[in-house]
Amino acid sequence: MYYTSTRDKNVRLSDAEAILKGLSDDGGLLVPSEFPRFATADIELLRKMTYPQRAASVMELFLPDFTRDELYGMAKAAYGADKWDGGLAAPVRKLDGATYALELWHGPTCAFKDIALQMLPRLLSASLGKTGETRDVCILVATSGDTGKAALEGFRDVPRVKIAVFFPRDGVSDVQKLQMTTQEGGNVGVASVGGNFDDAQSGVKRIFSDAAFRAELNAAGLTLSSANSINWGRLLPQIAYYFSAYCDLVNAGELETGDPLDFVVPTGNFGNILAGYYARKMGLPIWRLVCASNKNDVLTEFINTGRYNAKRGFYATSSPSMDILVSSNLERLLFDLSGEDDALISGYMKSLAESGGYTVNDDLKGHISDLFTGIACDEAETSAQIAELRSRFGYLADTHTAVGFGALKKLREADGAAAQTVVVSTASPYKFCGSVIEALGGQPRGDGFELLGELESLTGTEAPRPLRGLLGKTARFGDCVAKDEMADWVKSFLGM
Ligand SMILES: *Cc1c(COP(=O)(O)O)cnc(C)c1O
């Protein structure tokens, strides 16, 4: 098992090196050379395990530099009952006999990013030792809202690591902003960027590919890494919850091992759903993967036509973590489905960078539409779903999860049938109070924190502890930088 680049198959890195680097020097994404398979008997074994054991069982197959005990220790610390409201990291909730929600947001920052970002810092710290890296690490993050907070929380006060987070000034919810600007820890920095998420993300990518900047850092004893889902160490922990959800449904008598199961995934950067694809490739009986998009429906169009076109209007929607036009992880899927054709992928990515799009060949287009269904929901449909889920099932969904349920509704209307389906529920409704209150017919007043109370009284539910804990915290970070000044800001953050 080694790691190679989607743009150059001559690259050969160990797993610890891949986690430390985050991104290949050629700009490609790092991928494992093999995908071990789980036979039915292996899935039967997973069924009897706890979530930390399941996570370690999946991760150990891809991380030969780590021992099983080491990984299990990390998984117990990351997914221990004390960190997750209700005690479980990835519980499945039944809505009816064919419809389930895989709730991944009971962790410290109330979004599914915690699953990966409670694990990545442990993997990365250990990788520093395993590779003999002597420099410290500076993690740069561009966030559409949830990754930033989850990364800050995961990396806070981790030795030998500094972390800087950029979020789009007008692109995150009040609660998300409050979560980030009040972050504690001696090694963290946060700034907003004048622009949207793609501006923040391309600013970070520019810093990564700036050789002069890297040389300066190197002289200061630092190296860059990423906590975005382009890092393999972030994607890998996400494969585990697909296996776990399947096992839980078998254990609950909803499925028999071997039965097909559909997943609907609210998608932005294509990380979450790619983990589902990898789980399927490893032998999990996933039948269909539904890629749900909001009004920024670049992926829906791509799955349906084979044309990726990022040159389009950008919409700031009520599901901001999915307001993304350049879905980085798609590159890994294309690499895999093209039979690891690095030259072909390099060509597509060059075309994306230079002209804002590319069209895949018929072969790839066929593979993609066999495996994935792309469905988009607009703002009205998303809002209507929140109300419908509440009245039909007493289920309170956030805006992102509602996009997923809206896509499922459309699929079932088109199919005229209801296959057993898990919708991946990606955030607490309390992270997006304003939109949820409006969808339920209320009138949001007040600012970030007051909205938590309004949603509580409207629904008779309680805001998660970590969000209630924001009360009384003062903002530590208020800088807003222009997108071409991000590198300078990083330097001053690092004291250079
Ligand atoms: C990040 C995020 C998504 C999108 O996930 P990707 O892995 O980027 O596709 C969806 N919903 C929420 C709440 C998120 O934070």
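Here is a friendly chat about the pockets, cavities and helix contacts of this predicted model.

Me: Let's begin with open space: what volume does the largest pocket have, and which residues lie nearest its centre?
Reply: Happy to start there. The lining of the largest pocket is made of 41 residues, and the volume is about 1,100 Å³. Nearest the centre of the largest pocket lie R7, L23, G27, K205 and S209.

Me: Which element gives the largest share of the lining of the largest pocket?
Reply: Several elements supply at least two residues each, among them α1 (15–21), α10 (211–219), β9 (222–226), α14 (330–337) and α15 (342–355). Helix α9 (197–208) is also one of these. With seven residues, the largest share comes from α9.

Me: Which residues lie nearest the centre of the largest cavity, and which element gives the largest share of the lining?
Reply: The largest cavity is lined by 27 residues, and F112, K113, G268, N269 and S321 lie nearest its centre. By class, these 27 lining residues divide into 14 polar, 10 nonpolar and three charged. At least two residues each come from α7 (146–155), α11, β10 (261–266) and α12. The largest share, three residues, comes from α12.

Me: What lines the second largest cavity, and which helix gives the most?
Reply: The second largest cavity has a volume of about 90 Å³. Its lining is L23, Q201, V204, K205, F208, S226, N228, I230 and S328, which by class gives four nonpolar, four polar and one charged. With four residues, the helix that gives the most is α9.

Me: Turning to helix packing, is α11 oblique or perpendicular to α12?
Reply: The axes of α11 (residues 232–251) and α12 (residues 271–281) come within 8 Å and cross at roughly 60°. Roughly perpendicular would need 65 to 115 degrees, so α11 is to α12 oblique.

Me: Which residues make that contact, and how many of them are charged?
Reply: The crossing of α11 past α12 is right-handed. From α11 the contact uses W232, L235, Q238, I239, Y241, Y242 and F243, and from α12 it uses G271, N272, I273, L274, A275, G276, Y278 and A279.

Me: At what angle do α14 and α15 cross, and is the crossing left-handed or right-handed?
Reply: The axes of α14 and α15 come within 9 Å, and the crossing angle is roughly 145°. As for the hand, the crossing of α14 and α15 is right-handed.

Me: Last one: which residues of α14 and α15 meet, and how many of the contact residues are charged?
Reply: On the α14 side there are E331, L334 and F335, and these meet D342, I345, Y348 and M349 in α15. By class, five residues of this contact are nonpolar and no residues are polar. The charged residues number two.

Definitions and conventions: Residues are numbered from 1 along each chain as its sequence is written. This is a predicted model: local features need pLDDT of at least 70, side-chain atom pairs count only at pLDDT 80 or more; totals for chains, interfaces and linings use all residues. Side-chain values use heavy atoms; hydrogens and water are left out. On a 1 Å grid over the protein atoms alone, a cavity is a set of points where a 1.4 Å probe fits but cannot get out, and a pocket is an open set with protein on both sides within 12 Å along at least five of seven lines; lining residues have an atom within 4 Å of a point. Grid points are joined across faces, edges and corners, and a volume is the space filled by probe spheres set on the points. Axes are lines fitted to C-alpha atoms, for helices over the stretch in contact, and angles run from 0 to 180 degrees between N-to-C directions. Angles under 35 degrees count as roughly parallel, over 145 as roughly antiparallel, 65 to 115 as roughly perpendicular and the rest as oblique. A crossing is left-handed if the near helix is turned anticlockwise from the far one by less than a right angle, and right-handed if clockwise. Contact means heavy atoms within 4.5 Å. Ala, Val, Leu, Ile, Met, Phe, Trp, Tyr, Cys and Pro count as nonpolar, Asp, Glu, Lys and Arg as charged, and the others, Gly among them, as polar.
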